[in-house]
Structure formats: C-alpha cells, structure tokens
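Reader: I would like to learn how to read a model such as this one, feature by feature. Please show it first.

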Amino acid sequence: MFNLIFSTLFMNSLTPKFYVALTGTSSLVSGLILIFEWWYYKKYGISFLEQLSITHLTPWFGGSGAANGTDSERSSSSGESSPEQGTSNDVERFLTLFSAANSWLRFRRSASVGESL
C-alpha cells in the first residue's frame, strides 16, 4: 500500500517542464540515431541495426547470418562485389516488407468488416 501512495505522490509531483524535457531529450536521441544510421548505411551499405540483427539475432531463430548475407559476406562468398546483387537484395527486401504490410492491412480491413456485421 505504501508503494502505491509513494508512486502516486511522485507521479503527481511531475511538472509540465519535466514532460517537455523528456520529449525534447527523446527527440534529440532519435535524431542522433537517425544520423548515425544514415552515416553507417552510406559508409557500409547496410543499416547498423540490420547488420546487428543479422549477425546476432538470426542464429537464435534457426538461421545463419551468412545465409541472409551482409554486403561483406555477399562479396566474400561470390568472390567479387557486384552492385546489382546488393540492389536486387534491397528490392527483394522492400517487396517482402511491402507484401507483409499489404497482407496485414487486408487482414485488418477484413477483421473490421466482420466486426461491423
């Protein structure tokens, strides 16, 4: 009971200045991450977070990082670096994401139609 009272008092003591500072700090950090991601992508040709997920998370889900391929892995496995290969992989990735988003939207529409009947 004491924890509930203490947390209520703490939450009620927060001023609008705190929320403005919190929002500003969050926006600043997001902007820095965006700039870093853009720089990393320009330099290495792959997003830092994407590379991190491919190399560290993919093996946990039963795949291998080399099978999905980062740019350096693609060039070392084929023996040469080809820009067309990276572009087609980007296009395939975009089409996969677009297809998944489209399927999700169709599912949401059909679910909302079913609810209104």
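**Reading the helices and the loop**

Author: By definition, buried means under 20% relative accessible area, exposed means over 50%, and partly exposed lies in between, with a 1.4 Å probe and protein chains only. This is a predicted model, in which local features need pLDDT of at least 70, side-chain atom pairs count only at pLDDT 80 or more, and totals for chains, interfaces and linings use all residues. Residues are numbered from 1 along each chain as its sequence is written, and side-chain values use heavy atoms, with hydrogens and water left out.

Reader: Where is Tyr-41 placed, and which residues is Tyr-41 in contact with, leaving aside its neighbours within four places in sequence?

Author: Contact means heavy atoms within 4.5 Å. Tyr-41 sits in helix α2. Leaving aside neighbours within four places in sequence, Tyr-41 is in contact with Ile-46, Ser-47 and Asp-90.

Reader: How many helices and strands are there in the chain?

Author: Helices (H or I, at least four residues) and strands (E, at least two) are DSSP runs, numbered from the N terminus. The chain has six helices and zero strands, so its pattern along the sequence reads α-α-α-α-α-α. Of its 117 residues, 10% count as buried. Among contacts with a separation of 6 or more, 18% are between residues 24 or more positions apart.

Reader: What comes just after α2?

Author: Gly-45 does, with a positive phi of about 80°. Ser-47 is in the loop between α2 and α3.

Reader: Is Ser-47 buried or exposed?

Author: Ser-47 counts as buried because its relative accessibility is 18%. Not counting residues up to four places away in sequence, Ser-47 touches Glu-37, Tyr-40 and Tyr-41.

Reader: Which backbone atom lies 3.3 Å from a polar atom of the side chain of Ser-47?

Author: A polar contact is a pair of N or O atoms within 3.5 Å; within protein, one must be able to donate a hydrogen and the other to accept it, and residues adjacent in sequence count only if both atoms are side-chain atoms. Here the atom is the backbone nitrogen of Leu-49, a residue of helix α3. The side chain of Glu-37 also reaches that nitrogen of Leu-49, at 3.3 Å. Glu-37 belongs to α2 and, at 15% relative accessibility, counts as buried. Beyond its neighbours within four places in sequence, Glu-37 is in contact with Ser-47, Phe-48 and Leu-49.

Reader: Which helices each supply at least two residues of the nonpolar patch?

Author: The helices are α2 (16-44) and α3 (48-57), with α2 giving the largest share, four residues.
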